[in-house]
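Take a look at the fold below. Follow the strands first, then the helices.

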Amino acid sequence: MIVKITDYGDEGNQKFVEYVVSGLSLNQMEFLNNNLKENITIEEGVLKLKMYFSDELYPFQSDVAKFRLNDFIAREEIEMNLFISSFLDDM
């Protein structure tokens with residue numbers, strides 16, 4: 001499984017991060033779509049996931065994130081990979 005962040009920022013009064021997840025089977029994508037409450041679409045064998053965060057939990061809010069953005073993006077991709085992997089263990 002490969003997780004990539006494709007977009008992030010502000011949308012209205014909420015912060016968001018958009019992920020693209022590839023390397024999943026159709027059954028895994030359908031399981032995630034049916035069991036996660038997030039905004040999910042499946043297109044061309046790729047799962048797109050958009051998560052909304054409160055200001056306190058938004059991963060790119062700190063001053064350090066602004067200077068080391070690539071590090072923060074990589075960390076967030078790894079954390080989402082672990083989250084999805086552990087969620088799929090329940091499948």
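In what order do the strands of the open sheet lie? The order is S1-S2-S4-S3, with antiparallel pairing. This is a predicted model, where local features need pLDDT of at least 70, side-chain atom pairs count only at pLDDT 80 or more, and totals for chains, interfaces and linings use all residues. Residues are numbered from 1 along each chain as its sequence is written, and side-chain values use heavy atoms, with hydrogens and water left out.

**The sheet**

Strands (E, at least two residues) and helices (H or I, at least four) are DSSP runs, numbered from the N terminus. Two strands pair if DSSP finds at least two bridges between them. Strands S1 (2–11) and S3 sit at the edges, each pairing on one side only. From one strand to the next, the twist averages 20°.

Now zoom in on one pair. S3 (residues 39–43) and S4 (residues 46–53) are antiparallel and share five bridges. Ile-40 has Leu-49 in S4 as its bridge partner. Thr-41 stands opposite Lys-48. The hairpin has two residues between these strands, and Glu-44 there takes a positive phi near 55°.

**A buried lysine**

Is Lys-50 buried or exposed? Lys-50 belongs to strand S4. Its relative accessible area is 12%, so Lys-50 is buried. Buried means under 20%, exposed over 50%, and partly exposed in between (1.4 Å probe, protein chains only). The Lys-50 side chain makes a polar contact with the side chain of Glu-11, at 2.6 Å. A polar contact is a pair of N or O atoms within 3.5 Å; within protein, one must be able to donate a hydrogen and the other to accept it, and residues adjacent in sequence count only if both atoms are side-chain atoms. Leaving out residues up to four places away in sequence, Lys-50 touches Glu-11, Phe-16, Val-17, Glu-18, Glu-38 and Asn-39. Contact here means heavy atoms within 4.5 Å.

**The helices**

Axes are lines fitted to C-alpha atoms, for helices over the stretch in contact; angles run from 0 to 180 degrees between N-to-C directions.

| Pair | Angle |
|---|---|
| H1 and S3 | about 155° |
| H3 and S1 | about 115° |
| H1 and H3 | about 95° |

H1 (residues 26–35) and H3 (residues 69–88) have axes 11 Å apart. The two helices are therefore roughly perpendicular, a term for angles of 65 to 115 degrees. Gln-28, Phe-31, Leu-32 and Asn-35 in H1 meet Ile-84, Phe-87 and Leu-88 in H3.

Technical notes:
Parallel < 35°, antiparallel > 145°, perpendicular 65-115°, else oblique.
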